[in-house]
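Dear colleague,

Please find below the structure that I am handing over to you. My notes on it follow directly after.

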Amino acid sequence: MVGLLKKRGETYRNSRLAATALNVHHPAYRGEYLRLMTRHWADWGRLPESVKTGLPLDHDEPDEPDYRRRFTWAMHHRTLETAPKIAAQIDLRGARTLLDLGGGPGTYAMAFLAKNPVLRATVCDRPAALDVAKEIASTHKTAPRLSYLPLDVMVENIPGAYDVIWYSNVLHIYSSQENQAVFRRAAAALNLGGRLLIQDAFLHDRDGLFPEEASLFAVSMLLFTERGNTYKAAETKAWLTDAGFERIKVLRMKKGTEDWEGGILEARTPGANAKMRARRAGSVRSSRSRSSH
Ligand SMILES: C[S@@+](CC[C@H](N)C(=O)[O-])C[C@H]1O[C@@H](n2cnc3c(N)ncnc32)[C@H](O)[C@@H]1O
């Protein structure tokens, strides 16, 4: 019994699971994520090819619009339940603007909007992903507070100024150098004291092996990306410091609600006070140096 059908007398009916997660007309439908997982099952059987060549399998075409659409729906179906739980645990009081960087379907952006009535959000991604985000938002009551930014964050700077940047499940697609460039772009696009929140499959131990799911996910990145990997939380913190962030910490989510075990990284740009302190220190230094000449 797998729980998809219920029998009463001679009649079979869909169970609740089948009538929701497997019903394309239901908002809780998960079909695209199941399809992606089914494809991955076959792809993992080709792991020896990737190990021998050091190259990803051939079908990952990130800029091919049809692939991008299907992948974006899969990401929506993957995070439908998780996003509101995460949004409920991150305190965004005081924030007015949020950028969902590599936001795909915008599921997280919409969850943050639903939780924070004065917030406005922008989903930034490739155009085909944004088309899916617009389709999803059209059935969502937060849509009037959502906007869209088509951008390749690996080559372009981020226009605008935000209080919060949410960078979820993008870090693992790219190399350390590429992510460091994104952190610098993010720092430039944040207001004073703004926050960068990074959700990813971080390795939390000293040797960079655990949690196991994060190590296994590095194998997925070998199969599906050119330069992706999973990273230690500690090395990511060091990149953030280099990019000018401070007050870096791990935000723990309640067990059973998290996307990845171990928590979300939060980093802040220097606040107005820090800037004033630096300016004051500068003027003290320059008046001292003036008086010594
Ligand atoms: C794994 S999905 C994560 C989606 C969503 N943030 C989440 O957590 O469910 C990665 C997203 O990053 C986007 N992305 C990857 N590289 C990008 C780039 N260079 N510029 C803009 N978006 C990018 C992809 O199109 C995709 O929507």
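**The ligand and its surroundings**

A polar side-chain atom of aspartate 125 is placed 2.6 Å from an oxygen atom of the ligand, a polar contact being a pair of N or O atoms within 3.5 Å; within protein, one must be able to donate a hydrogen and the other to accept it, and residues adjacent in sequence count only if both atoms are side-chain atoms. Please note that this is a predicted model, in which local features need pLDDT of at least 70 and side-chain atom pairs count only at pLDDT 80 or more, while totals for chains, interfaces and linings use all residues. Residues are numbered from 1 along each chain as its sequence is written, and side-chain values use heavy atoms, with hydrogens and water left out.

Asparagine 169 also has a polar side-chain atom 3.2 Å from an oxygen atom of the ligand.

**The protein chain as a whole**

The chain contains 11 helices and 9 strands; these are DSSP runs numbered from the N terminus, with helices (H or I) of at least four residues and strands (E) of at least two. Its C-alpha trace spans about 100 × 50 × 35 Å along the principal axes. Of its 293 residues, 45% count as buried, meaning under 20% relative accessible area with a 1.4 Å probe, protein chains only. The chain exposes about 16,100 Å², of which carbon and sulfur atoms supply 55%.

Helix H6 (residues 107-115) is mostly covered, with 7 of its 9 residues buried. Those buried residues are Thr107, Tyr108, Ala109, Met110, Ala111, Phe112 and Leu113.

Serine 176 belongs to helix H8 (residues 176-188). Its side chain makes a polar contact of 3.2 Å with the side chain of glutamine 177. Beyond its neighbours within four places in sequence, serine 176 is in contact with Tyr231 and Trp239 (heavy atoms within 4.5 Å).

With kind regards

Technical notes: Buried means under 20% relative accessible area, exposed over 50%, partly exposed in between (1.4 Å probe, protein chains only). Accessible areas come from the Shrake-Rupley method with a 1.4 Å probe; for residues, only the protein chains shown count as cover.
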